[in-house]
Amino acid sequence: MLQARNGKEGLKQATQRIPDIILSDVMMPEMDGLEMVRRIKGNPDICHIPIVLLTAKSALDDRIHALEQGIDDYITKPFSASYLKTRIQALLKQRRLLQEIYRSSLTENTPVQRELTPSQPQVTPYDEVFIRQVMEFMEKNMDNADLAVDDFAQALMLSRTVFYRKLKSVLGMTPTDFIREIRIKRAQQLIATGQYTFSQIAFMAGFNDPKYFSKCFKKQVGCTPSEYKEKTEGTR
């Protein structure tokens with residue numbers, strides 16, 4: 001758990017460490033909670049972080065102003081510790097659900113679903129842009145077996161640490177796992193065409209070693225490439 005003495009320090013911590021959630025008071029020295037929220041939500045690298053504000057102000061105008069800044073919840077003092085814990089757990093659960101939504105959209109031609117029910121988390125446009133940029137770069141380098149995390153960070157003009165934490169937060173997986181998952185999904189697409197050998201597919205998906213490709217494929221899909229081919233041929 002990270003702690004900050006004021007809003008200015010909190011903003012710095014959020015930018016550098018990219019936490020899973022932020023719990024902040026409104027009244028703080030140097031930079032108050034609302035200004036910190038405004039700056040966080042205005043930064044595409046960290047705008048996805050859920051924020052809960054604690055305040056003694058309970059007037060409707062104050063709540064509206066806080067919501068306009070982009071906070072995810074507004075809790076007035078005094079409050080129940082169990083209620084606060086429940087709200088934090090709910091926001092983290094919503095974040096995991098959003099990760100699943102984004103992950104299910106990978107390699108699909110349809111855009112990320114925007115028509116969400118009220119009980120589901122709202123999609124942040126900045127996150128959509130981030131995922132699209134990551135996928136476009138991945139598509140261009142699919143057959144590059146030497147593709148590394150640093151290559152993504154450089155292409156997106158982010159530091160390696162920020163890119164790693166941003167991807168982990170948005171998709172719920174590390175960059176290494178992401179690269180491997182997309183490569184296997186591309187391999188599934190190629191197998192389904194029935195036009196290539198497994199060795200060709202391995203190299204086209206960025207695997208230099210067909211045996212390692214087969215091992216990774218089975219781990220992710222649950223069957224070998226040849227077994228998967230038989231399944232897809234049976235559905236055609």
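I call a residue buried when its relative accessible area is under 20%, exposed when over 50%, and partly exposed in between, using a 1.4 Å probe and protein chains only. I am reading a predicted model, in which local features need pLDDT of at least 70, side-chain atom pairs count only at pLDDT 80 or more, and totals for chains, interfaces and linings use all residues. Residues are numbered from 1 along each chain as its sequence is written, and side-chain values use heavy atoms, with hydrogens and water left out.

**Entry 1: L91**

I started with L91, which sits in helix α4. Helices here are DSSP runs of H or I with at least four residues, strands are runs of E with at least two, and both are numbered from the N terminus. Is L91 buried or exposed? L91 counts as buried, because its relative accessibility is 4%. Next I listed what L91 touches, taking contact to mean heavy atoms within 4.5 Å. Leaving out residues up to four places away in sequence, I found I21, P50, V52, D72 and D73. I also checked L91 against D20: the two are 71 residues apart in sequence, and their C-alpha atoms lie 9.8 Å apart in space.

**Entry 2: the whole chain**

I stepped back to the overall layout. The protein chain has 11 helices and three strands, and along the sequence they run α-β-α-β-α-β-α-α-α-α-α-α-α-α. Of the 236 residues in the chain, 42% are buried. I then took contacts between residues at least 6 apart in sequence, and 57% of these join residues at least 24 apart.

**Entry 3: the nonpolar cores**

For a nonpolar core I used buried Ala, Val, Leu, Ile, Met, Phe, Trp, Tyr and Cys residues joined through side-chain atoms within 4.5 Å. Which members of the largest core touch the most other members? They are F130, F152, F163 and F178, in a core of 41 residues. Eight helices and strands supply at least two residues each: α1, α2 (33-41), β2 (51-55), α4 (81-105), α5 (125-140), α6 (149-155), α7 (160-171) and α8 (175-193). The most comes from α5, with six residues.

Setting aside neighbours within four places in sequence, F130 is in contact with L156, L158, F163, K166, L167 and V170. Another core lies apart from the largest one; it has 13 residues, including A187, C216, C223 and Y228.

**Entry 4: cysteines**

As a reminder to myself, a disulfide is a covalent bond between the sulfur atoms of two cysteines. My test was a pair of cysteine sulfur atoms within 2.5 Å, and the count came to zero disulfides.

**Entry 5: the largest pocket**

The search ran on a 1 Å grid over the protein atoms alone: a cavity is a set of points where a 1.4 Å probe fits but cannot get out, a pocket is an open set with protein on both sides within 12 Å along at least five of seven lines, and lining residues have an atom within 4 Å of a point. Grid points are joined across faces, edges and corners, and the volume is the space filled by probe spheres set on the points.

How much space lies in the largest pocket? I noted about 550 Å³. Its lining has 18 residues, and L2, Q3, I21, I22 and L23 are the closest to the centre. Two elements give two or more residues to this lining, α1 (7-17) and β1 (22-25). The largest share is from β1, with four residues.

I sorted the lining with Ala, Val, Leu, Ile, Met, Phe, Trp, Tyr, Cys and Pro as nonpolar, Asp, Glu, Lys and Arg as charged, and the others, Gly among them, as polar. That gave 11 nonpolar, five polar and two charged residues.

**Entry 6: two positive phi angles**

I18 is not a glycine, yet its phi is positive, near 45°. I18 lies in the loop between α1 and β1, and it is buried at 6% relative accessibility. M157, also not a glycine, has a positive phi of about 55°. M157 is in the loop between α6 and α7, and it is exposed because its relative accessible area is 75%.

**Entry 7: two lysines of α10**

K211 is in helix α10 (residues 210-221) and is exposed, at 70% relative accessible area. Its C-alpha atom is 9.0 Å from that of S199, 12 residues apart along the chain.
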